[in-house]
Amino acid sequence: MTRKNYTLIVILLLLSPIIGSAQYKLRPAFTGLADFNKPIEMVHADDGTNRLFILQQGGIIYVINNSPSVTVKKIFLNLTSKVSQGSEGSEIGLLGIAFHPDYENNRYFYVSYTFDTIVGGFNTYRSRIARYTASSSNPDSALASSESIILTQPQPYSNHNGGKVAFGPDGYLYISFGDGGSGGDPQGNGQNRATLLGKILRINIDSAGGGKQYSIPVTNPYYGNGSGYKEEIYSYG
């Protein structure tokens with residue numbers, strides 16, 4: 001018996017009690033709902049309503065009651081005319097959503113999406129973080145006219161666009177734009193602290209300053225630096 005086979009047998013023996021006593025099973029959820037088209041994220045608003053919000057990459061956000069017997073999905077916000085529309089397997093479109101920690105009172109939520117723009121006669125992409133507001137009269141609907149643009153980032157390629165946004169326990173908004181695309185980070189964005197690409201960013205969206213729609217937390221590692229590094233950077237590499 002080779003050393004490799006012996007090691008594999010030992011690992012299987014160690015895992016067998018765990019495998020044999022697994023207490024979790026996968027089963028379909030919300031079987032009464034019609035299928036979603038390219039769903040990429042499901043989140044809750046933490047507002048005490050027990051609702052779930054489902055993003056479709058093409059630009060629609062649905063809201064459903066968090067119940068196994070639910071049969072109705074409502075359109076919370078339709079951004080299909082605004083976001084990039086890619087083919088199967090593409091990495092553009094509506095990519096993330098985060099509800100403000102005080103959403104129950106201010107009705108603010110934030111989305112991350114890519115959109116098309118023409119530069120020098122060529123179609124290129126940009127990533128955007130935008131704030132929207134839910135309706136005060138209909139909590140299952142957001143106001144499409146309420147968009148407030150927080151941050152826009154050019155994307156050199158159509159892939160590796162990141163897109164995840166989330167609020168941390170510190171109340172700040174964390175953002176990822178991906179490394180810019182292509183393969184192997186050819187522009188070296190991951191190590192270049194003068195760009196927002198290839199980083200985890202952290203901003204304070206509850207205040208504004210420096211001509212921006214947000215402010216920089218003073219505890220960010222490059223806050224106030226004199227080297228030209230982006231102050232929004234929280235982590236890189």
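Author: A pocket is an open set of grid points with protein on both sides within 12 Å along at least five of seven lines, and its lining residues have an atom within 4 Å of a point. The model discussed here is predicted. Its largest pocket is lined by 13 residues, including His-44, Ala-45, Asp-46, Ala-98 and Phe-99, which lie nearest the centre. The volume of this largest pocket is about 160 Å³.

Reader: Which element gives the largest share of the lining of the largest pocket?

Author: That share, three residues, comes from S5. The elements giving two or more residues to this lining are S1, strand S5 (94–99) and strand S9 (165–167).

Reader: Why does Asp-140 count as buried?

Author: Buried means under 20% relative accessible area. Asp-140 has 16% relative accessibility, and therefore counts as buried. Asp-140 belongs to the loop between strand S7 (122–134) and strand S8 (142–155).

Reader: What makes the pair Asp-140 and Arg-51 a polar contact?

Author: The criterion is a pair of N or O atoms within 3.5 Å, one able to donate a hydrogen and the other to accept it. The side chains of Asp-140 and Arg-51 are joined by such a contact, at 2.8 Å. Asp-140 also touches Val-63 and Lys-74, among others. Val-63 stands opposite Lys-74 in S4.

Reader: How do you know that strand S3 and S4 pair?

Author: Pairing requires at least two bridges. Strand S3 (residues 60–65) and S4 have four, in the antiparallel sense, and therefore pair.

Technical notes:
Residues are numbered from 1 along each chain as its sequence is written. This is a predicted model: local features need pLDDT of at least 70, side-chain atom pairs count only at pLDDT 80 or more; totals for chains, interfaces and linings use all residues. Side-chain values use heavy atoms; hydrogens and water are left out. Buried means under 20% relative accessible area, exposed over 50%, partly exposed in between (1.4 Å probe, protein chains only). Contact means heavy atoms within 4.5 Å. On a 1 Å grid over the protein atoms alone, a cavity is a set of points where a 1.4 Å probe fits but cannot get out, and a pocket is an open set with protein on both sides within 12 Å along at least five of seven lines; lining residues have an atom within 4 Å of a point. Grid points are joined across faces, edges and corners, and a volume is the space filled by probe spheres set on the points. Lists of a residue's contacts leave out its neighbours within four places in sequence.
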